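Q: Could we go through this structure one feature at a time, with the general idea given before each case?

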Amino acid sequence: MIGTTPYADLFQIAYVTHDLEGAIACFERDHGVANFHRVNSELESIVPGGVARSQVALGWSGARQIEIIQPLSGAVHIYSDALEGFSGLMRFHHFGIRVR
């Protein structure tokens with residue numbers, strides 16, 4: 001265990017969505033997370049199976065970073081599988097934990 005309390009080194013909570021702007025608006029309206037930064041207009045990530053193209057926005061809630069990912073094209077299964085059959089606005093995808 002790195003930290004002295006469980007999840008002390010958790011710094012990021014990431015979600016996937018089909019509607020990046022709607023998810024940003026939800027966080028701003030319902031959770032007070034404002035000033036999201038959109039990372040590039042289209043981000044390319046090397047993932048198992050190839051390259052995934054997505055739009056990403058990052059915001060902060062205290063010490064926790066909120067990442068919202070909208071899969072666009074390519075090997076996006078790593079993101080889009082979580083949205084399959086899901087009709088909501090966004091869905092949890094992963095945690096980011098600081099490694100020392």
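Q: Which backbone atom lies 2.5 Å from a polar atom of the side chain of Thr17?
A: A polar contact is a pair of N or O atoms within 3.5 Å, where within protein one must be able to donate a hydrogen and the other to accept it, and residues adjacent in sequence count only if both atoms are side-chain atoms. Here it is the backbone oxygen of Leu89 that lies 2.5 Å from a polar atom of the Thr17 side chain, and the backbone nitrogen of Asp19 lies 2.9 Å from a polar atom of that side chain. This is a predicted model, in which local features need pLDDT of at least 70 and side-chain atom pairs count only at pLDDT 80 or more, while totals for chains, interfaces and linings use all residues. Residues are numbered from 1 along each chain as its sequence is written, and side-chain values use heavy atoms, with hydrogens and water left out.

Q: Is Thr17 buried or exposed, and where does it lie?
A: Buried means under 20% relative accessible area, exposed over 50%, and partly exposed in between (1.4 Å probe, protein chains only). Thr17 has 0% relative accessibility and counts as buried; it lies in strand β1, strands being DSSP runs of E of at least two residues and helices runs of H or I of at least four, numbered from the N terminus. Its contacts (heavy atoms within 4.5 Å), not counting residues up to four places away in sequence, include Ala23, Ile68, Leu83 and Met90.

Q: How many residues does the largest nonpolar core have?
A: A nonpolar core is a set of buried Ala, Val, Leu, Ile, Met, Phe, Trp, Tyr and Cys residues joined through side-chain atoms within 4.5 Å. The largest one has 14 residues, and Tyr15, Phe27 and Met90 are among those with the most contacts inside it. β1 (10-17), α1 (20-31) and β4 (64-74) each supply at least two of its residues, and α1 gives the most, with 5. A second, separate core of 10 residues includes Val39, Ala52, Ala75 and Leu83.

Q: How many salt bridges does the structure hold?
A: A salt bridge is a side-chain nitrogen of Lys or Arg within 4 Å of a carboxyl oxygen of Asp or Glu, and the structure holds 2 of them. In one, the side chains of Glu21 and Arg38 meet at 2.8 Å, N to O. Glu21 lies in helix α1 and Arg38 in strand β2 (residues 37-47), so this pair ties together parts that are 17 residues apart in sequence. Arg29 forms a salt bridge with Asp30, with the closest N and O atoms 3.0 Å apart; Arg29 is exposed at 59%, whereas Asp30 is partly exposed at 45%.
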